[in-house]
Amino acid sequence: MANEAAQGAVGVVCPGCGGSSVRTVERTCAEERAGEKDDWRTGGKPQRGSLSDRLAASPGATDTFDSFLHFVEGLVIAGLGLGLAYTGTQQDKPLYTVGGVLWAVLLFVATISVIRGEARERDVVNVGEPRAQRMWRAAYYCSGCESVCCPDGSEWQGVLTPEQFKKLMWTKAGYADRLLHDDKAKEATVPAEALPSHGGPHPHA
Ligand SMILES: [Zn+2]
């Protein structure tokens, strides 16, 4: 274990505290995930508030298969409305017919809007993630002072809190609006002096 820790920290000293308990963010997250293997198998996502969640490169997106399931669910529920409408015509109950049709139309529209939203999320994450990954792979985490640094200065200078790091990374990747569920990261302010002088965060990579 000690060897592994040393391996991840070759020549890297934390610019924040001067300590050497510094490892790549990639390794830090991988180790935390390995420790929570069972949770990961059931949840598939880092637990909210865990270190790998605080350092996550992307918000993730609903995959195509899940979207398909949502679509089928929506159709089934909309179909119940059509069933009701059919009963209405059979039994001459216009209220059932109108209510059933209305129900089916509303559910269908809602389903389409959910599916389209999920597809949009997937697109945004797919486009931005390579940019975020580049930054994520260049980042080192210091467990001594819980800060994130970029030793070669290619992405930013000095140390950032995990929240500032996440905000900077997600902003550059173009999905900062997905920080909505992470109050700390959403409200984090990336110090201007941390950014290279030739450019701030780009909304789109
Ligand atoms: Zn440190």
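Predicted model: local features only at pLDDT ≥ 70, side-chain atom pairs only at ≥ 80, totals over all residues.
Mentor: Helices and strands here are DSSP runs, numbered from the N terminus.

Trainee: What is the phi of E146 near?

Mentor: Start with the general idea. Most residues other than glycine have a negative phi. E146 is not a glycine, yet its phi is positive, near 50°.

Trainee: Is E146 buried, partly exposed or exposed?

Mentor: Partly exposed, because its relative accessible area is 45%.

Trainee: Which phi does D92 have?

Mentor: A positive one, about 55°, and D92 is not a glycine either. D92 lies in the loop between α5 and α6 (94-138). Its relative accessible area is 66%, so D92 is exposed.

Trainee: Now S58. Where is S58?

Mentor: In the loop between α4 (51-54) and α5 (64-90).

Trainee: Why does S58 count as buried?

Mentor: The cut-off for buried is under 20% relative accessible area. S58 has 15% relative accessibility, so it counts as buried.

Trainee: What does the side chain of S58 reach at 3.1 Å?

Mentor: The backbone nitrogen of G60. The S58 side chain also makes a polar contact with the side chain of E129, at 3.2 Å.

Trainee: Which residues is S58 in contact with, leaving aside neighbours within four places in sequence?

Mentor: V125, E129, W170 and Y175.

Terms used: Residues numbered from 1 in each chain as written. Heavy atoms only, no water. Helix = DSSP H or I, 4+ residues; strand = E, 2+ residues; numbered from the N terminus. Buried < 20%, exposed > 50% of the residue type's maximum accessible area, 1.4 Å probe, protein only. Polar contact = N/O pair within 3.5 Å; in protein donor to acceptor, adjacent residues only side chain to side chain. Contact = heavy atoms within 4.5 Å.
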